[in-house]
Amino acid sequence: MNGTESQVNAVNIGVPQGSCLGPLLFLVYINDLPKVIESCTVAMYADDTGLYYRGASLDHLNETINKDLERLDNWLKGNKLSLNVVKTVSMNIVSRQKHQKVLGELDLKIRDTNIQNVKETKYLGLQIDRHLTWKKHVDTISRKVSRALGVLKHAKKFLPQNILKNLYISIIEPHFRYCSSVWGCCSTTYINRLQKLQNRAVRIITNSAFDTPAKPLLANLGLRSISELNENELRLITYKSLNDLAPNYLRQLLIRNSQQSCRALRNTDRDLKLPLKRTNNGQKGYSFRGAKSWNSLSAGAKCAPSLASFKTYL
């Protein structure tokens with residue numbers, strides 16, 4: 001700083017924040033964490049780690065997860081890492097119908113400290129609630145988009161339509177698209193709520209009256225509706241899963257009708273097997289929605305040789 005250098009100090013534990021190798025070294029350092037977890041499924045993304053377990057009773061859940069939390073705590077101590085228990089939360093995910101039968105809440109602890117049990121939480125940008133209704137997430141999207149629409153409305157006084165469209169694609173549409181392959185199964189009521197916001201956006205871009213039908217405006221601008229955006233994001237992740245461009249656990253949820261060469265098959269042979277799901281909640285899962293959406297595609301799309309060409313088909 002100002003021509004003066006600090007003295008050199010050795011780093012014995014950890015890495016300096018902001019270093020180029022820091023993220024890679026951290027991932028290498030914690031890569032064996034799942035090996036100490038015996039019962040729960042472990043999901044790791046950077047420094048966000050989640051434990052998941054499915055059980056028939058709260059007693060079974062508490063006993064099993066607490067044992068894995070103890071193993072996790074021992075691993076953290078052995079690797080000179082600390083866990084912020086205050087930021088750690090638990091959530092019992094259950095359908096509305098079964099929730100009435102569940103008495104009590106999860107009782108999980110780390111180092112004799114109770115983990116807060118919540119009804120909703122934010123994880124990797126998604127607002128997840130215990131019934132997976134996605135209401136909280138749609139609320140969050142609506143607030144962000146409403147603020148961005150204010151920016152767009154002021155900008156229309158100074159910018160031409162093509163620039164306004166680019167602004168929409170840059171600052172508004174990403175909110176609609178982010179993780180929509182997950183929350184896109186929410187109720188029609190929530191989808192319509194987001195659609196109204198998109199309709200406002202295209203009316204601002206085209207300087208149309210508030211009661212102008214939005215569907216022709218979307219078509220003229222070459223934009224897709226909320227339902228179409230959700231459907232395409234679902235198809236994209238399905239294409240990636242089938243072509244080894246996505247995590248293997250997603251690929252394992254999909255089963256082809258035939259494993260033969262794509263070019264030699266009829267279109268129906270390129271389809272995915274639709275799993276038997278009798279409940280609405282079951283049909284909201286990726287294995288069902290992804291297969292159903294994929295099967296509605298043309299033969300050319302299913303056999304697209306690259307992700308870029310698949311996007312062109314879409």
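**Salt bridges, loops and a pocket**

Visitor: Which residue forms a salt bridge with Lys136?
Guide: In the contact with Lys136, the closest N and O atoms are 3.6 Å apart. The partner of Lys136 is Glu120.

Visitor: And how many residues apart in sequence are the parts this pair ties together?
Guide: Lys136 belongs to helix H4 (residues 135–155), and Glu120 to strand S7 (residues 120–123). Helices (H or I, at least four residues) and strands (E, at least two) are DSSP runs, numbered from the N terminus. Since one partner is in H4 and the other in S7, the pair ties together parts whose separation in residues is 16.

Visitor: Before we go on, what share of the chain is buried?
Guide: Keep in mind that this is a predicted model, so local features need pLDDT of at least 70 and side-chain atom pairs 80 or more, while totals for chains, interfaces and linings use all residues. Residues are numbered from 1 along each chain as its sequence is written, and side-chain values use heavy atoms, with hydrogens and water left out. Buried means under 20% relative accessible area, exposed over 50%, and partly exposed in between (1.4 Å probe, protein chains only). Of the 314 residues in the chain, the buried share is 37%.

Visitor: Where do I find Asp68, the partner of Arg71 in a salt bridge?
Guide: The two side chains meet at 2.6 Å, N to O. Arg71 is partly exposed at 24%, whereas Asp68 is buried at 0%. Because Arg71 and Asp68 are 3 residues apart in one helix, about one helical turn separates them, and that helix is H2 (residues 58–78).

Visitor: Which residue is linked with Asp68 and Arg71 in a network of salt bridges?
Guide: The structure holds 13 salt bridges. Some of them link up, and the residue that joins Asp68 and Arg71 in a network is Glu38.

Visitor: How many residues apart are Glu233 and Arg177?
Guide: These two form a salt bridge whose closest N and O atoms are 2.8 Å apart. Glu233 is in helix H10 and Arg177 in helix H6 (residues 173–177), so the pair links distant parts of the chain. At 18% Glu233 counts as buried, while Arg177 is partly exposed at 34%. The separation between Glu233 and Arg177, in residues, is 56.

Visitor: Which element gives the most to the lining of the second largest pocket?
Guide: That pocket holds about 330 Å³ of space, and the closest of its 14 lining residues to the centre are Gly184, Cys185, Glu231, Leu234 and Arg289. On a 1 Å grid over the protein atoms alone, a pocket is an open set of points where a 1.4 Å probe fits, with protein on both sides within 12 Å along at least five of seven lines, and lining residues have an atom within 4 Å of a point. Helices H8 (188–205), H10 (226–242) and H13 (286–295) are the elements that give two or more residues to the lining. With 4 residues, the top contributor is H10.

Visitor: What phi does Ala46 take?
Guide: Most residues other than glycine have a negative phi. Ala46 sits in the loop between S1 and S2 and is partly exposed at 40%. Although Ala46 is not a glycine, its phi is positive, at about 55 degrees.

Visitor: Which other loop residue has a positive phi near 55 degrees without being a glycine?
Guide: Look in the loop between strand S4 (109–110) and strand S5 (113–114).

Terms used:
Grid points are joined across faces, edges and corners, and a volume is the space filled by probe spheres set on the points. A salt bridge is a side-chain nitrogen of Lys or Arg within 4 Å of a carboxyl oxygen of Asp or Glu.
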